[in-house]
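Take a look at the model below. This report covers one chain by itself, then the contact between two chains.

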Amino acid sequence: MSIKDEFTKGLWQTIPPFRLVLGLCPTLATTTSGLNGMGMGLATTFVLVFSNLFVSLLRRFIPSQVRIASFIVIIASFVVIVELVMQAYFYPLFKILGIFIPLIVVNCIILGRAEAFASKQGPVASLADGLGIGLGFTISLFVLGCLRELLGSGTLLDIPVMWSGFEPFAFMLKPPGAFVALGILLAAMNLISQVQARKGGGR
Amino acid sequence: MRDIIKMIIVLTIIGAVSGLALSLVYEGTKAPIEYQTIKFVKEPAVKKVLTGYDNDPIADRQKMIIGEDERGKPIELIIFPAKKAGATFAVALEGKGKGFGGLIGVMVGVSKEGTLLDIGITSHSETPGIGARVSETSFTDRFKGLATNKEIKVDGISGATYSSKGVMAAITQALGYVTTFSKEIF
């Protein structure tokens, strides 16, 4: 696979959380608005890109018996960096995301990519993979956040967009609403895939 | 045996390098984090209790050492001065008093002449609907204009005696600091 393929596969074919269905905990918890989802996605992307890069660079030195421990130390370090930087420069977002920033450490997408991809591939391919998957995750969270924000509070990126008599579905901002929104998006994606497959005779 | 030694060495190096990197980031973000925390947590209260200033009380904050905690670390008191044409005419500072559900933090604005300007509750864990009513302006307004050289006493909220007393204790503590540090502040 070329570098470009490694990058683009994260945007549709293996887009988390829809296709990999990994990292659902932050996906469901932080997508109460489009901006929150995007913030969480970007924080995860940063960790994913750098942990992929370093795991790939160090893959020859890390003995396989202690690889998971080493990966976790690398990942955790970048998570703390994100946490400190966010607290220093994006305090309101830091307050909203709260506990879900430290919890990026245990996000299975990140450890999954380190274990399944970066520990076997070169640094450039790993960087492309991390960037692609991270961007896919960010887009997913952003779209999911926008959908929930639109239905749950009648705004889009904090700007009211619905007609004046619109009664917001407060339910959409609660955790069950996240499942419903996720299901709607998954169904829509499957529909698109099916139409594509029928047109192109399968991929 | 060689494997074990290699594992130990690799893990140690990774841990040490991560630790070093994190301590550098921590040092670098310490000042902005402190500013942000004060700005978002204390600024609303400071803005409520001080008026008519032309400086940035958050940027001009002063730190006083008011004692040591049980580990021997100094306890800091942050004072926010309100200045007009470079002269401090009032300060805001936080005091703490024991309420019903723990400590109540109260931001207190005091003028140079010794008048209580206004108070704002910064943190509390009082019962919602009962003790938590101390943070409503109908209660905090009762302290406006009191003289600071007399005992701070107003009518408490009925049913929330402990909480009301906690607020008064917090104000008394803050005013005590003002008396102690009056030379440095004004």
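## Burial in chain B

This is a predicted model. In chain B, 29% of the 186 residues are buried. A residue is called buried here if 20 or more other C-beta atoms lie within 10 Å of its own.

## Overall form of chain B

How does the radius of gyration of chain B stand against that of a compact globule? Chain B has 22 Å, while a compact globule of 186 residues would have a value near 16 Å.

The box tells you about the extent along each axis. Along the principal axes, the C-alpha atoms of chain B fill roughly 75 × 45 × 25 Å.

Chain B holds 3 helices and 5 strands. Read them from the N terminus on, and the order is α-β-β-β-β-β-α-α.

Now consider contacts inside chain B between residues at least 6 apart in sequence. Of these, 54% join residues at least 24 apart.

## Where chain A touches chain B

Two chains meet here. Chain A puts 19 residues into the contact, and chain B puts in 17 residues.

Which elements of chain A each supply at least two residues to its side? They are α4 (67–89) and α5 (91–97). The most comes from α4(A), which gives 12 residues. By residue type, the side of chain A that touches chain B has 15 nonpolar and 4 polar residues. Charged residues are absent from that side of chain A.

Technical notes: Residues are numbered from 1 along each chain as its sequence is written. Chains are lettered from A and ligands numbered from 1 in the order in which they are written. This is a predicted model: local features need pLDDT of at least 70, side-chain atom pairs count only at pLDDT 80 or more; totals for chains, interfaces and linings use all residues. Two residues are in contact if their C-beta atoms, placed from the backbone, lie within 7 Å. Helices (H or I, at least four residues) and strands (E, at least two) are DSSP runs, numbered from the N terminus. Ala, Val, Leu, Ile, Met, Phe, Trp, Tyr, Cys and Pro count as nonpolar, Asp, Glu, Lys and Arg as charged, and the others, Gly among them, as polar. The radius of gyration is taken over C-alpha atoms; the globule rule is 2.2 Å times the number of residues to the power 0.38. A residue is buried if 20 or more other C-beta atoms lie within 10 Å of its own, exposed if 12 or fewer, and partly exposed in between; C-beta atoms are placed from the backbone.
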